[in-house]
Amino acid sequence: MQPAANLAALDRAALEDFFARMGEKRFHAGQALRWIYQRRVTAPDAFTDLSKALRARLNRDAAIEFPAVAARRRAADGTRKWLLRLADGNAVETVFIPEAGRGTLCVSSQVGCGLNCTFCATARHGYNRNLTVDEIIGQVWVAAGELAGDRDIDGDGVDGDHGDRDIDGDGVDGDPGDGDGDHGRGETKTKTAITNIVLMGMGEPLLNFDAVVAALRLMLDDCAFGLSKRRVTLSTAGLVPAIDRLASACPVSLAVSLHAPDDALREQLVPLNKKYPIAELLAACRRYAAARPRTRITFEYVLLAGVNDSSAQARALAKLLGDMPAKINLIPFNPSPDIDYRRPSPAAVERFRDILIGRNLFTVTRKTRGDDIDAACGQLAGKFTDRTRRSRRWVSAPAVPAPSPEMPSSRPKMSTPSPAARDETAPEPAAAAAG
Ligand code: SF4
């Protein structure tokens, strides 16, 4: 007997093909998506706008299955983290960061990560496998349900009290409250607290291209989560050919984990740089930006004390990105057990930021969120079997040595930054500094 098809693993095009193979109309795909993602119904016999006969066939031949929540944690600042149990016994982490007017969900794309960035907790735990479409979009589905109060996540002993919907404090449940009017129909109907999604959790999303693109399409689909492309961000360590593919397959917002202004240092921090050096990576970013006019590429830069946080490195970074429609996210390193890097002092972060702003670069310093539940940037680990045995090799791996002392600071006197180069302390939109 054929195993039941998991409808949660299918985006709209795949669902249309599924119905077509059944000899049914392709438009049933949109109906099924609304039931699954907007009404949160996982029993096909409850899809009451389908015929009884079709529902009976779906009941027999299809299932709707998402990962289950294995554990929940909530940080003092309201950040949530869920550990999701996968069918094979592995587990991945998903983080929700609430703030005034928006709520950002950080989604994982792989079980572990094989790219071995030296500052990253996920890398220390090695790699197991790619996530499937249902496991990726399931993180959004599960978090949306939890945030809508399907379960007693706020610890008041009352299930389904919807106590967490009013994320913007305006007294209106489920009102994303950003006032920009760009959200799709689905965003309103699902009344989700999730207004933004970032693929910055465990894993390198572009190494799981097909499943990630299918999940992205569900995030954007008006019959599913209905988010705008501007509100969905994929973060990559820099897989150049896949950046080009993404531009034509599903051009969501792009973030690049840069972390160093020169190839020598970046090769130590992000080993993928040996394959795709900075010049090639930035050329791919320019092509991506050209396909998405009026949008900026985000460059993530984890600040590591004595490694990449000098004034000279800030100036080099400014020179590198000077002609790019760029936004720079400075992320002071979040300490993690067994990783020898240190977080720079607030003064060092400020100095680095001021140099970038002084050179007219749009720069944001991320505020650390959820670090008391290991949900901050670079701290996601999940639970899984490491098929790469990398976790063993990490035990004796040295951190990148500090560079030679920086040149005397020639910090310019700051004038009022231009609007294009304003600085703000933004909440950390993600968990791992994912690639
Ligand atoms: S930073 Fe991203 S790409 Fe690098 S090892 Fe961590 S999860 Fe993988």
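## Asn360 and the basis of the model

Asn360 is found in the loop between H12 and S14; helices (H or I, at least four residues) and strands (E, at least two) are DSSP runs, numbered from the N terminus. Phi of Asn360 is near 70°, a positive value in a residue other than glycine. Asn360 counts as partly exposed because it has 13 C-beta neighbours inside 10 Å. A residue is buried if 20 or more other C-beta atoms lie within 10 Å of its own, exposed if 12 or fewer, and partly exposed in between, with C-beta atoms placed from the backbone.

The model is predicted, so local features need pLDDT of at least 70 and side-chain atom pairs count only at pLDDT 80 or more, while totals for chains, interfaces and linings use all residues. Residues are numbered from 1 along each chain as its sequence is written.

## The chain as a whole

The protein chain has 13 helices and 15 strands. Of its 435 residues, 49% are buried. Among contacts in the protein chain between residues at least 6 apart in sequence, 72% join residues at least 24 apart. Two residues are in contact if their C-beta atoms, placed from the backbone, lie within 7 Å.

## Strands S11 and S12

Strand S11 (residues 253-257) runs parallel to S12, and 3 bridges join the two. Two strands pair if DSSP finds at least two bridges between them. The bridge partner of Ser257 in S12 is Glu300.

S12 is mostly covered, with 7 of its 7 residues buried. Ile297, Phe299, Tyr301 and Leu303 point one way from the strand, whereas Thr298, Glu300 and Val302 point the other way, and all are buried.

## Strand S13 and its two partners

Strand S13 (residues 326-332) is likewise mostly covered: 7 of its 7 residues are buried. On one side these are Ala326, Ile328, Leu330 and Pro332, and on the other Lys327, Asn329 and Ile331, so that both faces of S13 are covered. Strand S12 (residues 297-303) pairs with S13 in the parallel sense over 7 bridges. Ile297 stands opposite Ala326 in S13, and Leu303 has Pro332 of S13 as its bridge partner. From S12 the chain crosses through helix H11 (residues 311-321) to S13 in a right-handed β-α-β crossover. A crossover is right-handed if, with the strands pointing away from the viewer, the path from the first strand over the helix to the second runs clockwise.

S13 is also joined by 4 bridges to strand S14 (residues 362-367), and these two strands run parallel. Ile328 stands opposite Thr363 in S14. The chain passes from S13 through helix H12 (residues 346-358) to S14, and this β-α-β crossover is right-handed.

## Ile197 in strand S9

Ile197 belongs to strand S9 (residues 196-199). Ile197 is buried because 27 other C-beta atoms lie within 10 Å. Leaving aside neighbours within four places in sequence, Ile197 is in contact with Leu105, Val107, Val140, Met219, Leu227, Arg231 and Val232. One of these, Val140, is 57 residues from Ile197 along the chain, and the C-alpha atoms of the two are separated by 8.4 Å.

## Two helix pairs

The axes of helix H1 (residues 12-21) and helix H2 (residues 28-38) come within 8 Å and cross at roughly 120°. That angle makes H1 oblique to H2. The contact is made by Arg12, Leu15, Glu16 and Phe19 of H1 and by His28, Ala29, Ala32 and Leu33 of H2. Axes are lines fitted to C-alpha atoms, for helices over the stretch in contact, and angles run from 0 to 180 degrees between N-to-C directions. Angles under 35 degrees count as roughly parallel, over 145 as roughly antiparallel, 65 to 115 as roughly perpendicular and the rest as oblique.

In the second pair, the axes of helix H8 (residues 240-249) and helix H10 (residues 278-291) come within 9 Å and cross at roughly 5°. H8 is therefore roughly parallel to H10. Val240, Ile243, Asp244 and Ala247 of H8 make the contact with Glu280, Leu281, Ala284, Arg287, Tyr288 and Ala291 of H10.

## Arg294 in a loop

Arg294 lies in the loop between H10 and S12. Arg294 is not a glycine, although its phi is positive at about 70°. With 7 other C-beta atoms within 10 Å, Arg294 is exposed.
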